[in-house]
Amino acid sequence: MKTLSIPSLIFFLFFSSISISQNAIQDSIMLKKIYSTALTDGKAYDWLDYLSNEIGGRLSGSIEAESAVNYTEEQLNELGLDKVWLQSVMVPKWTRGFKEYAYIETNSGDKSVTNICALGGSVPTPNLGIKAEVVEVQNFEDLTKLGKDKIAGKIVFFNRPMQADLIHTGSAYGGASNQRYSGAEQAAKYGAIGVLVRSLTLKLDDSPHTGAMSYGDTPNSQRIPAAAISTKGAEYLSSLLKLQPNLQFYFKQNCKIWDDVPSFNVIGEITGSVHPNKFMVVGGHLDSWDLADGAQDDGAGVVQSMEVLRLFKKLNYRPKHTIRVVLFMNEENGLRGGLKYAEEAKRKKEKHVFALESDSGGYTPRGFSLETDAANVAQIRSWAPLFKPYLIHLFDEGYSGADIRPMKGNIDVLAGLQPDSQRYFDIHHSENDTFDQVNKRELELGAATMASLMYLMDIHGVK
Ligand SMILES: [Zn+2]
């Protein structure tokens, strides 16, 4: 290595520090413009209003999902991007049918109606419904302990609450979600005839929360119906079971699984000025559950992602890399859109360097969770002072987002927007995930935070 003389070393350090600080000044000016434009001249909230109130819940394979594809494609076309197109993908189709009905029948014959909803992907009950005794369990180990003798012919009731002392509610959700996803598959092995799952929320209320479930490789003839019961219903059922272990539970649902149907991911891009063949992706998922508008999950992520590209156009920022917005279809009950996008990127040998997802609600942004190597984590953390004025401070390593993760292994950096998570699971997958739950400023701050990270990744590149 060539050694520098003292005067040239001083000269070098002086000018490199000037260029570093000039970069930082330029970056901070750009971030200020991004936040100001998002907060004073934003479009995300209007888009979300339309998606939520004019279109509504967008379950894969539904008319509403199709309308959302058409609407977002049209809106992206209006932004004057270099390219907007639809990427074909086959998606599962499941319909709920008429509203579910359930009651608890005590030993004296008294019936109390209870709020339930079918889990996404569940089979229906027989036409007359099912009525049976209930076995309450906390986890799959309890099933093994009880065995077939105590479970066969009954309804298994999974009642393990989300852990309340975890600050990141996403972790609490993750810790309880196997009951919903695999409860029916596991209980069927012991001869259960149905499954009830405590809704995955920390809030005590009467609204059941749906969500995806799987039967694994259980043969069709052995698949049992599965429903979520509201948290208040779960508490009530549990307390009654202590007094009357042989009470009966009745429920009826007529959901249906159809053949797969064609649908689309919606994609728009601004072609890179320096690296047109290096791609940076920002996205959320266009589909939602059917019980509400899906405004937070994930209408918010969709419009925030669209807003990132709109802000760049509005500010006349021409990115170095090609920046794509991808509105993924079918995250909720199949992830087919995310899988398709990753598969196509690999097939076309498109070099993806960065992807950012928003799928944790449009609440006040706190930062990002990152899936990448130490060098990229360090670079992103070095931008913390630029984010400080906007109260963005989390740059943790952790789960990025379901739709972008299929690219893992073929991409340098994956990131997920981390908004405040305390209220998200109050409404997640329930009838309460509606437009009025979204605060305009919080939504816009999230979009600006995403655009800021996208700008910094674009201008400085990945490590
Ligand atoms: Zn989601």
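Leaving out residues up to four places away in sequence, Phe368 touches Leu356, Phe387, Ile392, Leu394, Phe395, Asp396, Gly416, Leu417, Gln418, Thr449 and Leu453, where contact means heavy atoms within 4.5 Å. This is a predicted model, in which local features need pLDDT of at least 70 and side-chain atom pairs count only at pLDDT 80 or more, while totals for chains, interfaces and linings use all residues. Residues are numbered from 1 along each chain as its sequence is written, and side-chain values use heavy atoms, with hydrogens and water left out.

**Nonpolar cores**

- Phe368 is also one of the residues that touch the most other members of the largest nonpolar core, which has 67 residues; the others named are Leu76, Phe312, Phe354, Phe387 and Leu453.
- A second, separate core of 22 residues includes Cys117, Leu119, Val135 and Ile224.
- A nonpolar core is a set of buried Ala, Val, Leu, Ile, Met, Phe, Trp, Tyr and Cys residues joined through side-chain atoms within 4.5 Å, and buried means under 20% relative accessible area, with exposed over 50% and partly exposed in between (1.4 Å probe, protein chains only).
- In soluble globular proteins, nonpolar side chains tend to be buried together.

**Strand 2 and its partners**

- Strand 2 (residues 101-105) is mostly covered, with four of its five residues buried; strands (E, at least two residues) and helices (H or I, at least four) are DSSP runs numbered from the N terminus.
- Strand 2 pairs with strand 9 (residues 248-252) in the antiparallel sense over five bridges, and Ile104 stands opposite Phe249 in strand 9; two strands pair if DSSP finds at least two bridges between them.
- Strand 2 also pairs in the antiparallel sense with strand 3 (residues 111-113), over three bridges, and Val113 in strand 3 is the bridge partner of Tyr103.
- Five residues separate strand 2 and strand 3 in the hairpin that they form, and Gly109 in the turn has a positive phi of about 95 degrees.

**Two buried loop residues**

- Glu350, in the loop between helix 9 (336-347) and strand 13 (351-357), counts as buried because its relative accessibility is 18%.
- The side chains of Glu350 and Arg324 make a polar contact at 3.0 Å, that is, a pair of N or O atoms within 3.5 Å, of which, within protein, one must be able to donate a hydrogen and the other to accept it, residues adjacent in sequence counting only if both atoms are side-chain atoms.
- His429, in the loop between helix 12 (424-427) and helix 13 (440-460), counts as buried because its relative accessibility is 6%, and its side chain is joined to that of Trp289 by a polar contact of 3.5 Å.
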